[in-house]
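Please keep the structure in view while reading.

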Amino acid sequence: MHLPDSMTAEWTEAEAAHPRMAALIASLNDRSPVPTAVVQPTDQNALLGALAAAHDKTIEPILVGPTEAIAAAARAAGVNLDGVEVVAAADSRAAARQAVALVREGRAKALMKGNLHTDELLIAALDKAVGIRTSRRLSHCFLMDVPSYPKLLCVTDAAVNIAPELDVKAGIVQSAIDLMRALGVACPKVAILAAVETINPKMSATLDAAALCKMADRGQITGGLLDGPLAFDNAISAEAAATKHIRSEVAGDPDVLLVPEITAGNILVKELTFLAGAAPAGVVLGAGAPIMLTSRADPIMGRRGSAAAAAALALRG
């Protein structure tokens, strides 16, 4: 396998702009790459993202899809696939099923989305008979390297669950805590976002926040430190929290932001990306293996970060 020199040269600038994401990738250098089924890598972005992660030694890609289309994407990208396993599948739906089967067989420990619709991959993963579903609800974490914030920041759930109720939010929080612990954060701090930082019976997000904190107190959510409701300003800024006389070990220093529903999360992630220059990586949690739902428009740095996060989770077991 060989990557274009022009592509690897671009990484230096991207890594300088996003040192926390680069540090996450580098932290896995001494670990074995995680066998990963890459589903339908039939365009340049999808293929190069998988090969870039292989170059980082975070994953060992198994390319699943139509062999001629994969070969054509490799030619168009100017890469060779020497030493890379390719598993033939007739189309995107068949590729999704075959990739999930590789996980069930133990040949792959993670999944990476390529050039197919997200629902095609998730339907295969959640199939009751031959999928990799577990008792836990699927949820998504965006791992953000925001230049103005001193550490990686997880935003959840901005991609899978539309308007989660309290029990679903509890699962989302637990999955996010588990991810951050896999990334080396001993006790992740979770800020539960709402429009205000006080409990208002007319605002369900504030009631859910209070209940989640009490669930953590009672051991129903473990491994992290929760606080909420918190408005975004006092969640992310210690100065803003102090101005409002909020005493909290989480306010101003969160590792995880739990959003109330998908619209708020989607807007937040895109604001951080396009206005604050953040590099987003993403992974779906709660299945029998981590799933990288990378977008065809994602930069290589985001795909590399997604692979690193998924690999860290898979290695933790």
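## Terms and basis of the model

The axes are lines fitted to C-alpha atoms, for helices over the stretch in contact, and the angles run from 0 to 180 degrees between N-to-C directions. Helices (H or I, at least four residues) and strands (E, at least two) are DSSP runs, numbered from the N terminus.

The model is predicted, so local features need pLDDT of at least 70 and side-chain atom pairs count only at pLDDT 80 or more, while totals for chains, interfaces and linings use all residues. Residues are numbered from 1 along each chain as its sequence is written, and side-chain values use heavy atoms, with hydrogens and water left out.

## Helices α7 and α8

Two packed helices are described by the angle between their axes and the distance between the axes. The axes of α7 (residues 166-182) and α8 cross at roughly 55° and come within 10 Å. The two helices are therefore oblique to each other.

On the α7 side, L166, K169 and A170 meet A205, D208, A211, L212 and M215 of α8, where contact means heavy atoms within 4.5 Å. This contact has six nonpolar, no polar and two charged residues. In this scheme Ala, Val, Leu, Ile, Met, Phe, Trp, Tyr, Cys and Pro are nonpolar, Asp, Glu, Lys and Arg are charged, and the others, Gly among them, are polar.

## Two further helix pairs

Helix α3 (residues 44-55) and helix α4 (residues 67-77) have axes that come within 9 Å and cross at roughly 80°. That angle makes α3 roughly perpendicular to α4. Q44, L47 and L48 in α3 meet I70, A73, A74, A76 and A77 in α4. Of the residues in this contact, seven are nonpolar, one is polar and none is charged.

For α5 (residues 92-104) and α6, the axes come within 9 Å and cross at roughly 40°. This makes α5 oblique to α6, and the crossing is right-handed. Here S92, R93, A96, R97 and V100 in α5 meet E120, L121, A124 and A125 in α6. The contact comprises five nonpolar residues, one polar and three charged.

## The cavity

On a 1 Å grid over the protein atoms alone, a cavity is a set of points where a 1.4 Å probe fits but cannot get out, whereas a pocket is an open set with protein on both sides within 12 Å along at least five of seven lines; lining residues have an atom within 4 Å of a point. Grid points are joined across faces, edges and corners, and a volume is the space filled by probe spheres set on the points.

There is one cavity of 30 Å³ or more, and the largest cavity holds about 40 Å³. Its lining includes K169, A205, D208 and L212. The largest share of that lining, four residues, comes from α8. By class, the lining has eight nonpolar, no polar and two charged residues.

## The pocket

The largest pocket has a volume of about 690 Å³. Its lining has 30 residues, with F142, K270, P280, S295 and D298 nearest the centre. The largest share, five residues, comes from α11. The lining divides into 16 nonpolar, eleven polar and three charged residues.

Definitions and conventions
Parallel < 35°, antiparallel > 145°, perpendicular 65-115°, else oblique. Left-handed = near helix turned anticlockwise from the far one by under 90°.
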